[in-house]
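I opened the model today to look up a few places in the fold. My notes follow in the order in which I looked.

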Amino acid sequence: MSNIRVCALFRPLNSKEICDHGDNVSISAVDSDSFLFKDEKEEEIEFHFDRVFYQGSEQANIYEFLALPIVTGAVNGVNGAIVTYGQTGAGKTYSMEGPSIMDCDENKKGLLPRVVDGLFSAIRLSGEMTKYTINLSMVEIYMERVRDLFDLSKDNLLIKESRAQGIFVCGATNICISDSAEALRSLSIGIANRAVGETQMNMASSRSHCVYIFTIQQELKKEKRSGKVILVDLAGSEKVEKTGAEGRVLEEAKTINKSLSALGNVINALTGSPQGRANHIPYRDSKLTRILQDAFGGNSQTALLCCCSPSSSNASESLSTLRFGARAKHIKALAHVSLTEDEDTKSPGALPVIKDESCERILEKLRQKMKAEDVELLEQLFVLEGIFFDPNSVEEVEAAYEDATSRTILSLQRRVEELIATVEELKEENKALKSWIRS
């Protein structure tokens, strides 16, 4: 197990910061992985990260350190995630996209176009003996609804989990891409559909969390490998008094801050439990934490880029971002190659894994007979317990559900009977104690 990779990025001062507060900055560099940060009380705090990118850092250097190992891993069947985090206007979207996703300036290209180029470069270097397929999907989490940015009619997609795919967005449009140019054209369409709005801190503030999903299928002679790269451009945390948000923008800000708070709770739960003791991880508290479940707590190589303003006027928000990154640095990741055996290499009698479309068909039939919460419980039960079943037999699913429910009820009944017996014993002891006191 290894820690996730966490880096800090300080963008250059913008014109508004210089006009309002001069060139005062809250950081002073120590070396390539540590710096001193001066908070609002002028007290210095030292931070250490895997790498610190100061003002004027090259986009190429950020990609090579942060993203290239993840791209290489994905081509070889290891899942990866790259997440940008920070206050609104801190440079997250610029770091992810550059000035424009179609910008041809090599020096200014962001992480996203470089990841695209990196995937196809890695595939070319692998030789012609292996067949690769790359699929792209793009969604945003806006006002706690998952929207398909390639098909805006899909505006309330479900986040689901399977043993084969892990966490995935059910029904999201998948585009098969054959080269970098095609991928960038598709991405530009999706980005144009993203929810943005103007605030006092940012002319085009992201009002949603944007998720780019690349799935790389690799076909070898005896096996298949599947790797996934997820890039997440988080909406920025906001202080209403600074952004001047009101009306619809204010409601968006509240939802953004609530989901980022939920992400912070997940990080705290992952890093705060005593050694040797399990802790509840609240992944289901928001759509964001659910979609990032594998990235922060599962099978994934994960990199976090904490974007900050260097201006002393934003010291409070930058400090919050840095503390988030420092906490996340303690998360352990357990990434491994995802393999799928061919049919002729499977051991005799092996049970087939249910296909996603068959599962959906069965669950839809069950929804017609059961309550929605019961069907959701059933789905979670089979995923968590690894129960395999005939995807063509609804009756067997219902029987398995009833069996699991019956076992749970029996267990609860036994526990209630034990508690009743204990209460009766305590009553007898209490009665005897009263008699002894009176005598």
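**Entry 1: lysine 92.** I started with lysine 92, which sits in helix H3. I am working from a predicted model. Is lysine 92 buried or exposed? Its relative accessible area is 6%, so I put it down as buried, the cut-off being under 20%. I then listed its contacts, leaving aside neighbours within four places in sequence. Thr84, Tyr85, Gly86 and Gln87 are among them, and so are Asp233, Leu234, Ala235, Gly236 and Cys307. I also noted a polar atom of the lysine 92 side chain at 2.9 Å from the backbone oxygen of glutamine 87.

**Entry 2: the annotated stretch.** I checked the UniProt record, an unreviewed entry, for this region. The record gives "binding site" at Gly86, Gln87, Thr88, Gly89, Ala90, Gly91, Lys92 and Thr93. I picked threonine 88 from that list and found it in the loop between strand S7 (80–85) and helix H3 (92–97). Threonine 88 has 2% relative accessibility, so I count it as buried.

Entry 3: I followed S7 to its partner S16 (residues 223–233). The two strands run parallel and share five bridges. One pairing I wrote down is threonine 84 with aspartate 233 in S16. Both of these residues had already turned up among the contacts of lysine 92. S15 and S16 make a hairpin, with three residues between them. Within this pair, isoleucine 213 is opposite isoleucine 230 of S16.

**Entry 4: serine 208.** I next looked at the loop between strand S14 (205–206) and S15, where serine 208 lies. Its relative accessibility is 0%, so serine 208 is buried. Which side chain makes a polar contact with the side chain of serine 208? I found glutamate 140, at 2.5 Å. Beyond four places in sequence, serine 208 touches Glu140, Ile141, Tyr142, Arg194, Ala195, Asp233, Leu234 and Ala235. Asp233, Leu234 and Ala235 are also on the contact list of lysine 92.

**Entry 5: a three-stranded sheet.** I moved on to an open sheet with strand order S3-S4-S5 and antiparallel pairing. Why do S3 and S5 each have a side without a neighbour? S3 (27–31) and S5 (44–48) are the edge strands and each has a single partner, so one side of each has no neighbour in the sheet. From one strand to the next the twist averages 25 degrees. S3 and S4 (residues 34–38) are antiparallel and joined by four bridges. In that pairing, alanine 29 faces phenylalanine 35 in S4.

**Entry 6: helix H7.** I checked the length of H7 (residues 248–272), which has 25 residues. At 1.5 Å a residue the helix should span 36 Å, and its end C-alpha atoms are 36 Å apart, so the two agree. I then noted buried residues in H7, including Glu252, Ala253, Ile256, Ser259, Leu260 and Leu263.

**Entry 7: the whole chain.** The chain has 13 helices and 19 strands. Of its 439 residues, 44% are buried. Among contacts with a separation of 6 or more, 69% join residues 24 or more positions apart.

Definitions and conventions. Residues numbered from 1 in each chain as written. Predicted model: local features only at pLDDT ≥ 70, side-chain atom pairs only at ≥ 80, totals over all residues. Heavy atoms only, no water. Pairing = 2+ DSSP bridges. Axes fitted to C-alpha atoms, helices over the stretch in contact; angles between N-to-C directions. UniProt positions renumbered as here; feature names shortened; annotations may be inferred. Buried < 20%, exposed > 50% of the residue type's maximum accessible area, 1.4 Å probe, protein only. Contact = heavy atoms within 4.5 Å. Polar contact = N/O pair within 3.5 Å; in protein donor to acceptor, adjacent residues only side chain to side chain. Expected span 1.5 Å × (residues − 1).
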